[in-house]
Amino acid sequence: MGEWGSRVCSLFCFLVTLFVISSIIFLLIFLPQEPKFTITDASLTQFNLSATNFNSNNKLLIYKLSLNVTFRNPNNKAGFYFDRVRVIANYRKKRFALVTLNNTTPFYQGRKNTTVLHNVVLEGQQTMSFKEKDDEHYELETSSGVYSIDVKLALKLRVRYGKIKTKYFKPPTINCNNLKLSLSNHNDHRENGGLNFKPVKCKNIHIFTSGTTPVYP
C-alpha cells in the first residue's frame, strides 16, 4: 500500500472514530427525542363523489374537512422552528387536498411545549381517477356512514439546541393514517364532541434520524 496509502487509511480511521465519538457525546448531552404529532379532533361536513362528463373513471370529489393538530415537544434541550407546515389529505391512497398553513407558520415551539393548531380546514373540489373497486369502496363507506381518510404532514423546519440552530430541512412526510370520520354538520360536531372522533397518533416521525441534508437559503 505504501506510506501514502497508510496515511490516508489512518486519517480515514481517525475521522470515522471522531464522528462516532462526537455522535455519542451529542446523544449523551442532548438525548433528543422525536416530537409527537396527533390529530386530536376532526370533522367531515362534506364528502360527495359524483361522475364527470369527460371520463367514466374520473370522479369529482367535493369535500370539507376540519382538523385540530397537536404538536408536542418532549425535549428538555431542543426546540423547533416550524417554517412551513403543509397538511395533505388522501382517500384510497389518492390525494384530494393540500393546504399550506400560512396563518400559523412560521412559529417556534420551545422545550417541553405543546402547540395545538386549531381548525385546520381543507375545503374544495378535486377530480380523481377512480377504478371500479374504488367506487365500490366509496359506496360501502357511504352506506356505513364512516369514511377512512389519511392525513399527512409535510414540514420544513429548523432545530435549536441551546444557542445552536440548524439550517432548515425537510424530513420525511409524517403519516396520520386511517382517520374514521362520519359526515356531520357544524352543530353536530360542536354538540357531540366531534361525533366521538378517536384521536390518531401520527407515525413515520424522523426529525433527528431522517438523514436529510439541511437546505440552505
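Predicted model: local features only at pLDDT ≥ 70, side-chain atom pairs only at ≥ 80, totals over all residues.
Local features require pLDDT of at least 70, side-chain atom pairs count only at pLDDT 80 or more, and totals for chains, interfaces and linings use all residues. Residues are numbered from 1 along each chain as its sequence is written, and side-chain values use heavy atoms, with hydrogens and water left out.

**Disulfide**

- The count comes to one disulfide, a disulfide being a pair of cysteine sulfur atoms within 2.5 Å.
- Cys176 and Cys202 form the bond, with an S to S distance of 2.0 Å.
- The pair links distant parts of the chain, 26 residues apart: Cys176 lies in strand 9 (residues 174-182) and Cys202 in the segment after strand 10 (200-201). Strands are DSSP runs of E, at least two residues, numbered from the N terminus.
- The disulfide is right-handed because the torsion about the S-S bond of Cys176 and Cys202 is about 100°.

**Cysteine accessibility**

- Cys176 and Cys202 are both buried, that is, under 20% relative accessible area, where exposed means over 50% and partly exposed in between (1.4 Å probe, protein chains only).
- Cys13 has a relative accessible area of 40% and is therefore partly exposed.

**Thr70**

- Thr70 belongs to strand 2 (residues 58-73).
- Thr70 counts as buried because its relative accessibility is 12%.
- Leaving aside residues up to four places away in sequence, Thr70 touches Lys36, Phe37, Thr38, Thr40, Thr114, Thr115 and Val116; contact means heavy atoms within 4.5 Å.
- The side chains of Thr70 and Thr40 are joined by a polar contact of 3.3 Å. A polar contact is a pair of N or O atoms within 3.5 Å; within protein, one must be able to donate a hydrogen and the other to accept it, and residues adjacent in sequence count only if both atoms are side-chain atoms.

Note on methods. Helix = DSSP H or I, 4+ residues; strand = E, 2+ residues; numbered from the N terminus.
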